[in-house]
Structures are given as structure tokens and as C-alpha cells.
Amino acid sequence: MNAYNPTNGLMKPDRPVGIAGYGAYVPRYRIPAAEISRMWTGGTGGVPIKEKAVNGLDEDVATMSIEAARNAMIRAQINPQEIRAVWVGSESHPYAVKPTSTIVAEAIGAVPNTQAADWEFACKAGTEAMQAAIAFVGSGMARYALSIGMDTAQGRPGDALEYTAAAGGAAVLIGPADESLALIEGSYSFVTDTPDFWRRAHADYPSHGDRFTGEPAYFKHVLGAAEALMTAVNRTPADYRWAVFHQPNAKFPERAAQALGFAPEQFKTGLLSPRIGNTYSGSTMIGLTAILDVAEPGDRILMVSYGSGAGSDAFDLQVTERLLEARGRAISTEGYIARRTEIDYATYTRYRDKLKM
Amino acid sequence: MEVSRHWRLQAQRYQLVGETCDSCGVKLFPPRDVCLECEAPAQELYTFTGLGEIYSYTTIYDAPAGFEHNAPYMVALIKLEEGPLVTAQLTDMDPSEAQIGMPVEMVTRKLRTDGEEGMIVYGYKFRPAVKELTAV
């Protein structure tokens, strides 16, 4: 039994756990930020990323979660009937009332002996589900629990967020340590009531506090969680081969990484937002999958999510030998990013259901 | 929309669950409980791999009710690896990309929605095999 220490806040289960399988999903379509700028600024405005991923007409968080979950299952090679929780974190669940998670659980063959629920905490709903899955497995309530972060993010036409609000995400299957591709040493959560971004019920698009989304929101929580976790596990940035942060754009995660003392070779691999945009609940987790696609046994990974409203979850991971045989079983994250079809603003408005007829 | 009818077909729609014949081993999709080859009972469930190739295809411009939202879209006969021919939509591809014999894989997608307030129906479609693309 781990001694619970209220002063350092480290979340560590009694039984060691890790990632038994992982899978990414990025839809095929891309809209360049320059195309959005052409529409709203005559092409004169600066753009925060190169381009963002857009879901097709027949895709939503349920279908995208199913594909990521299938990739995680292929890598884990376990019987889906052994899963005891299927959790989907998103702010674009297809239904306001009716779980996405039961659709995913049904599609991967995990029903009916399983828990299922949808999670919500802006962009960190997926890592919340990961922490709960760690607890489920770490307490012995489940052998495996599936956590997914996936979004088809909403951006108001012409708003700054329209350049980045993207579609994609990842699934992470938590299991016992001895079956893990990466061990999870511990995690740490850091939250306050900070109104930097929200979407009211029945509103199509979110509202945000412009510059307020930086220092008191993203940086305070990301840096706070990262520093507290590293203190609790007694590590410094030099102990990590890789680091991945929530990526609402290209600039914020770079600044956060550098403020903490991480070098570009540690955070560039997981920094996907310049090429796929901000996949909201999927953002940090899909960055992790890109790292797992290339990491070596023994490598340590620091992962820090951020969700508006606001809070961060930080995780300390270490890659095991099992990753080497498992990762090639499913499509890599870069494989999905390479599958790219550029669309114009008109096609984008149709695919994103912005045309009201 | 008939909610119960869609619900009954979920296993085959979401996962391509068909049946296999106990006596001659033929795989059946959709499930029909009797082997088409030897007429023996065939009730053992079998989940198809979802891999196959385009046997033939067409493009639908004048879509039936409930599918207008996606037009134009492609419909194909898919020859599954295990044998059966399945009619399904193609997705994630332009009509110019489709070819007879093209390797495809099953994905679960939205088939249709019942207006703004009705249920969303999910099921199988086929897309160009991504593994094939990344291997090149």
C-alpha cells in the first residue's frame, strides 16, 4: 500500500499500472490556416499553425473514437470482454444526452460487462478519463480500462479559434504494469475556477477571454502541474527523453516547455498542432501516441494536459520493452497525418455543418 | 425512423458480425442462419476482418431520403477477404480514386441522421486501406 501524502498531491495507485495499448485517429481532410485567413483577413493576418485536421461528413466523435479504440485494441491484443470501463472525454459528443461511450464499447465488442461514461472538462476530458482508468486498474476493480480523448472542435467563423479548432484524438488502454508498453509512475492534477473559455448549453460555438487564456489560464495550470509532479517524483527535465503538452496552437506548448527547461528535441515529436491543429480533448493524448511510435525502452515521458475552466493533469511515464513489438501492429500517428487531402473554405463549411438551410 | 430495427442490426453494422457454417466452413454476411453452399445450419457468429476489395462501384448523385446530406457519394460491392459480397458506401475517397480491385477496409461511420433531433445511425463503410497507403 502506498503511503498517501497529502502534501505532495501525487496520485499513485496501490498496484502498478501502465499503458497496455494505444491508438490515434486523425481524419483525412486539412484546411490550411492561410485559407481561413484568406476568408477573413484577405490573407493579411498572421496564422497560428500551418493547417488543421477536419472530419468528413460521416465522422463524429463516436466514429473517430471507435477507430482510435480499435488501434489500441490491435496493439494490446487483449480480449475486449476483459475491459471494465470505456470512457470517452470530449466537448463534441454527438448527443447531448446519450453516451458516446456505449457506441464505442459496442463497436469494439466490450459490452455488456463494462462501465461506460462520457467525460467533460474542455480540453482535458481525455486525461481525466485516463486518471480514472489508472485508479480503476490500480485498485483492482478492473484489469483493463479504456480512456479516450477525441474531439471535432467548434470554432466560430472568423474567430481566432477557427484557425486551430480541429478534429482528432487518441485512445489509451490502461492495464497492469507487467503487460504495459509504458509504465505510469504517477500523476498529478491542478485545477482552479478560471473562466478562460466556455460554451453555454445550446450554443454552437464557444466563447473565450482572448488574452486571458494565456498566463492565468494555460501557463499557470500547465506549469503548476508539471512542476508539482516533477517535485513529487523527484525528477528534473533532464530525466525525461520526451515531453508533451496540451497544444492549443504552436506557441503555447513551446513556451511552456522552454519555461520548464525542456529542449526542442524533447518536445518537438509530440508537438502536432502545427500540422493537425488543436484536437481539444485529443490534443495531449495524440501527442503522446506520436512519442510512443518512436520512443525506446527506458525512455521517460512527461505528459501535461490542459482544460479550460481550468486545470491540468500531469503524468510520469516510462517506456518498456513491450512497446517495440506492439507499436507496429497499428497505423502510426504520423501515418494518419500523412494521409492528407486539402480542402477549401467552402468544403470546410459543408463538412463542419456550418451551412444552415 | 424505426429505432428498434437499427438497434437489432447493430452487431453486423458496427463490427461486421456474420456467421460461419459448421459443416463446410463458409462465411456468411449478412447472417442468415442457413449455409448458402450446403444448406446446413450456420449460426455460429463470425466477426469479419473488414478487409476486402472493390468488386464494382457507382456514384449516387440523386440520393434517397435520409442520405441527401452526403450526396454525391459512392456505393460499392465489396468482395470481403472471407468471400461474401457486401453492398456499402465508400468513404474518404474521391470518385476519381475508385478502381475495381482496389484494397479497402471497413470503418464505422455515420450512415444517416434522423433530422436535427432524431437518432444517429452508425454502420460500416469502406475506405482505401490506409495500411496500403503508408506501406508505399
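User: What makes H2(A) count as largely enclosed by the rest of the structure?

Analyst: Of its 16 residues, 15 are buried, so H2(A) is largely enclosed. The structure is a predicted model, in which local features need pLDDT of at least 70 and side-chain atom pairs count only at pLDDT 80 or more, while totals for chains, interfaces and linings use all residues. Residues are numbered from 1 along each chain as its sequence is written, and chains are lettered from A and ligands numbered from 1 in the order in which they are written.

User: How do you know what length is expected of H2(A)?

Analyst: The expected span is 1.5 Å times one less than the number of residues. H2(A) covers residues 61–76, and its first and last C-alpha atoms are 22 Å apart, close to the expected 22 Å. Helices are DSSP runs of H or I with at least four residues, strands are runs of E with at least two, and both are numbered from the N terminus. After H2(A) comes Gln77(A), with a positive phi near 50°.

User: Why does the length of H4(A) agree with the rule?

Analyst: H4(A), residues 125–138, has 14 residues and should span 20 Å; its end C-alpha atoms are 20 Å apart, so the two agree. Twelve of the 14 residues are buried, so H4(A) too is largely enclosed by the rest of the structure. Among the buried ones are Met130(A), Ile134(A), Phe136(A) and Val137(A). Just after H4(A), Gly140(A) has a positive phi of about 90°.

User: What makes S6(A) a mostly covered strand?

Analyst: Nine of its nine residues are buried. Both faces are covered: Tyr144(A), Leu146(A), Ile148(A), Met150(A) and Thr152(A) are buried on one side, and Ala145(A), Ser147(A), Gly149(A) and Asp151(A) on the other.

User: How do you know which strands S6(A) pairs with?

Analyst: Two strands pair if DSSP finds at least two bridges between them. S6(A) has five bridges to S4(A), in the parallel sense, and eight to S7(A), residues 167–176, in the antiparallel sense. Both counts meet the cut-off.

User: Why are S5 and S11 of chain A called edge strands?

Analyst: The open sheet has nine strands in the order S5-S4-S6-S7-S1-S8-S13-S12-S11, with mixed pairing. S5 (115–119) and S11 (242–245) each pair on one side only. The twist averages 20° from one strand to the next. At the S5(A) end, five bridges join that strand to S4(A), residues 83–89, and the two run parallel. One of the bridge pairs is Ala85(A) with Gln115(A).

User: What lies across S4, S5 and S6 of chain A?

Analyst: Helix H3(A), residues 100–107, lies across these strands and runs at about 130° to S4(A). Such angles run from 0 to 180 degrees between N-to-C directions, with axes fitted to C-alpha atoms, for helices over the stretch in contact. Contact means that C-beta atoms, placed from the backbone, lie within 7 Å.

User: How many residues of chain B are in contact with chain A?

Analyst: In chain B there are 18, touching 19 residues of chain A. Helix H2 (10–15), strand S9 (103–113), strand S10 (120–128) and helix H3 (130–135) of chain B each supply at least two of the residues on the chain B side.

Definitions and conventions. Two residues are in contact if their C-beta atoms, placed from the backbone, lie within 7 Å. A residue is buried if 20 or more other C-beta atoms lie within 10 Å of its own, exposed if 12 or fewer, and partly exposed in between; C-beta atoms are placed from the backbone.
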